[in-house]
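Thanks for coming, everyone. I'd like to walk through some local geometry today. Have a look at this first.

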Amino acid sequence: MNGRNYAVKAMTWAFHIVFFLTVLTTQGVFAQSDLPRDATWVTNGPVRAIASTPTLTYIGGTFTYVGPNTGGGAVVDSSTGEVVLGSPTVTGLVQTCVPDGSGGWYIGGAFTKVGRVNRSNIAHILADGTVDPAWNPAPSGSIMAMQLSGNHLYVGGNFTSIGGQTRSAVAALDRVTGAATAWNPNPTGTAPVVGALVVSGSTVYVGGNFDSIGGQPRQRIAAVDAVTGNATAWSPEAGGFVSAIVVVDGTVYVGGQFTTIGGKPRNHIAAVDSATGDATAWNPNASGSALVFGIGINALAVSENLIYVGGNFDSIGGQARWGIAALDLSTGLATAWNPTAKLNPNEANPNQTDGIKYDEPGEVHGFEVVGDKVYVAGSFTTIGGQQRRCVAVLDTATGSATAWNPRPEGLLFEYAPLWTCSVVRLSGNAVYVGGGFYTIGGKTRNGIAALDRATGAATEWNPDVFGDPESYSDLFTSTVNCLDVAGSTVYVGGAFDTVGGQTRWGIAAVDGTTGEATSWDPHFGDGAVVFTLRVSGNTVYVGGAFNSIGGLARWGIAALDITTGNATAWDPKALGNSGTTGWVYALQLVGSTVYAGGAFDGIGGQPRCNIAALDAGTGAATAWNPSAGDYYGSVSSLLVSGNTVYMGGSFSSVGGQNRNCIAAVDVTTGNTTAWNPPLDLTEDFPPHALATAENVVYVGADNFGIVALDKDTGELLPWCPMPGQSCRSLHIDGNTLYIGGEFVQLGGLSRCFFAEFSIVPTYVVVPDVVGQDLSAAEAAMTEIGLIVGTVTSLSSISVPAGHIMSQEPVAETEVPEGTVVALVVASGPESIAVPDVVGQPLATAQSSLSAAGLVAGTVTEVYSATVPAGEIISQNPLPGASVPSGTAVALVVSKGIEPGVVPNVVGQPLATAEAKLSAAGLVVGTVTEAYSATVPAGNVISQNPAAGTRVGDGSAVTLVISIGEEPPTFGCYGGT
């Protein structure tokens, strides 16, 4: 087998956003959080190797920098350039910001989270570094411009809604509530965008890309009434995008990508009369020959009699100026101030050899002038005569860069870096820097670094790994692939030629305190690569792509003396196709056995397909022979745990059993076990890393990042913090899981290339959010690592609409970080028709009201001579009335007949009359009979005293009872 040709397929690392997983299942409880530790520093390139001691974490890979995990925005100290403690990570890009006047910041851009709080594209960061829980305008698109004026924050961008209202590209927000005000200029056109805003008195100057605004046709620039939102008569008509505006003494200075404005030809910069809209004679005439981005002016700032200009140009004001210049406000001519912003992509990536031209003009996106300093943000690698990455402070007199150097960093891949700074704003001793970076305020570290396990920050340990790109193939640019620690020495393997200040080819031993290379030097060959190494006692076992090491011929695998660096007699010799050198990617040491995985056909003197167990003393292959894959296969990761060897690689079978790139075999017999995870793996992107803790096996690969599997069953556990991304290395020490790879987010948070998770769940106390508005409740939950799950709406008369009625789990419950919290939010009162409960018993009436969504209110009891005791006499509101849900209905309930008051018994049978009189505390007195044509026989014709008369207790009531209709009277002769 030709290992090198195979590895071009099997070891290629690329950033693939591909994700498919079967439905997650779990046995038992698995409560590991998806949220990584916030304090851990990150890198600007892939991390491929991790090792640790009780106090330090060593990382290696293809990076040149380590720094705080800030995401696209951070507050840094104006003196030191260090990130201010508590500055929240921004997941995404910050394009604009303004101080809130109270030590906090309003930020805008294209982002999804600030800290752990969900915030789409705009947020208010309070002075203590927390996110304002009540301020959440949630625009539908990005924010590109902001200005604070009084109680309003004016914002521009490419949104169609913001602050709960429909707004096109520009809006005014209440600075306290975040709600959109009635101000609505409503720019129109093809995808209208507002990229510049300036409030001057009662006028808001707006620039961008639109055809009309404020009810009038206006091309890309306009003046809008700050109260009504109507466009004024001012209409300069810009011929291209407007991205910068500043107003000085009746003149509006404008920058952008236009070539005409105010009725005159003007290249990218102009001065326009604020009364007439005509361009003045002032004409600096910016020009250039940019290869990628169009020539234009991005930023303007005025100080005394100068206007500072930033953009993408190489000439302005009659002088050669790269990206930045100071112009005379009167003449438009460039002054002698000339910091010269340069962009050299190769300075960001020492491995780059694609011939990109050096010293292109850099681009400046924003700046702020404060006293004798100009704070500058943009895309450059040199400015003011010094190497400065994207942000710098320049002296207003000399143009020289000061020592202030936070150095933001972004993605570092094979080609040009993707970093930039968009904005830099000063407030007191703090500077907010925003842009397309992932970390700022860190340290240069080439290929290797040590992080303090307690703080997560880089130590001063700095061996500086370098490699000549011409010495390696495109696949193996200078990198650290593996690390191991023995005592006070760190063993390093990879593709490099210098480490710790000494020439070392692909392998070295570095002092763990000083970072200097020791005298240990195995004399590795030019262009050879180490993929894996393990230290055991007096021996360093090494695997890679080489045919000599330690002064002897060794093919793909060797054992080195830990003292001399010489190769020992141990010589398994990994063989590839047709006698070529095989490659070894993974080694595991257990007792007297060395397990080896890679791309080989034979090793230890026996035919073995990609995996073998070698005798640690003799180097001979044991009888253990799982045979992974075939000629085109490989094993790229190994993990031995208990009685099982777990393996990942490019194979479709192991030990004669179908296994898709991952398998487990018995450590004694080599037989394939039943463990067969349902992972969507491919042979082109196999698992690169395996680790285990307790009953969990962690698997890292290119197409799904990292997943957790049940160690016994292989079932997927519900933990997947980085779907669709790449994991290259895993390391477990105690209760901490370290992850390295080519990812930029974990658990939905900004996290580049390196992270650590707690294996033991971190427990938090659920806050009480009942009564808070939904936005504040979400912020309170996410701030401490909880996840807001189902939000159910329910009508309520007592809880204001949009506020929380209940939560599950309830407040004060201790739960694992990452627990999902369900919320019930009030939607406002619901209208309900009041049911008729008159005549019903009280209990029945109360049930009827409750079933209708109402409640029984005040219950009043009164005597009634007609309504039986316990029944409803009347209700309020009346039956059929429409009321909000939860409304209280007042009820009047009968107490029965009042004692001492004669009830009405007329028309009732004698027995009933007697019962009523007895209930009223009276007695039946004299009963007489009389005929009646109207009252049925046996019923009461009359009573005395009359009904309603108040008498003494025990009084007698005389009754006259009907004996029916009087019969007819007949004479002697039968007549009447």
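Which residues does glutamine 588 touch, not counting residues up to four places away in sequence? They are Arg534, Thr593, Val594, Tyr595, Leu638, Leu639 and Val640. Contact here means heavy atoms within 4.5 Å.

Some ground rules. This is a predicted model, where local features need pLDDT of at least 70, side-chain atom pairs count only at pLDDT 80 or more, and totals for chains, interfaces and linings use all residues. Residues are numbered from 1 along each chain as its sequence is written, and side-chain values use heavy atoms, with hydrogens and water left out.

Back to glutamine 588. It lies in strand β51, residues 583-590. Strands are DSSP runs of E, at least two residues; helices are runs of H or I, at least four; both are numbered from the N terminus. Glutamine 588 counts as buried because its relative accessibility is 13%. The scale is this: buried is under 20% relative accessible area, exposed is over 50%, partly exposed is in between, with a 1.4 Å probe and protein chains only. A polar atom of the glutamine 588 side chain lies 3.5 Å from the backbone nitrogen of valine 640.

Next, the aromatics. Rings of Phe, Tyr and Trp (its six-membered ring) pair if their centres lie within 6.5 Å; planes under 30 degrees apart are stacked, over 60 edge-to-face, and the rest tilted. By this rule there are 18 aromatic pairs. Take tyrosine 541 and tryptophan 570: the ring centres are 5.0 Å apart and the planes are at 80°, so this pair is edge-to-face. Tyrosine 541 is in strand β47 and tryptophan 570 in the loop between β50 and β51, so the pair ties together parts 29 residues apart in sequence. Both partners are buried: tyrosine 541 has a relative accessible area of 7%, and tryptophan 570 has 4%.

Another edge-to-face pair is tryptophan 719 with phenylalanine 757, at 5.4 Å centre to centre and 85° between the planes. Tryptophan 719 is in the loop between β63 and β64, and phenylalanine 757 is in strand β68, so this pair ties together parts 38 residues apart in sequence. Tryptophan 719 is buried at 0% relative accessibility, and phenylalanine 757 at 1%. There is also an aromatic cluster of Phe531, Trp583 and Tyr585.

Now helix α3, residues 774-783. Which of its residues are buried? Ser775, Ala776, Ala777, Ala779, Met781 and Thr782. Their cover includes β8, β70, β71 and β73. At the start of α3, a side-chain oxygen of aspartate 773 comes within 3.1 Å of the backbone nitrogen of serine 775. Just after α3, glycine 785 has a positive phi of about 95°.

Most residues other than glycine have a negative phi, and most peptide bonds are trans. Where are the exceptions? Cysteine 390 has a positive phi of about 75°. It sits in the loop between β35 and β36, and is buried at 0% relative accessible area. Cysteine 661 has a positive phi near 70°. Its loop runs between β59 and β60, and cysteine 661 is also buried, at 0%.

Then the cis peptide bonds. One joins glutamate 808 and proline 809, with omega about 5°; proline 809 is in the loop between β71 and β72. Another joins asparagine 944 and proline 945, with omega about 5°; proline 945 lies in the loop between β80 and β81.

Key. A polar contact is a pair of N or O atoms within 3.5 Å; within protein, one must be able to donate a hydrogen and the other to accept it, and residues adjacent in sequence count only if both atoms are side-chain atoms.
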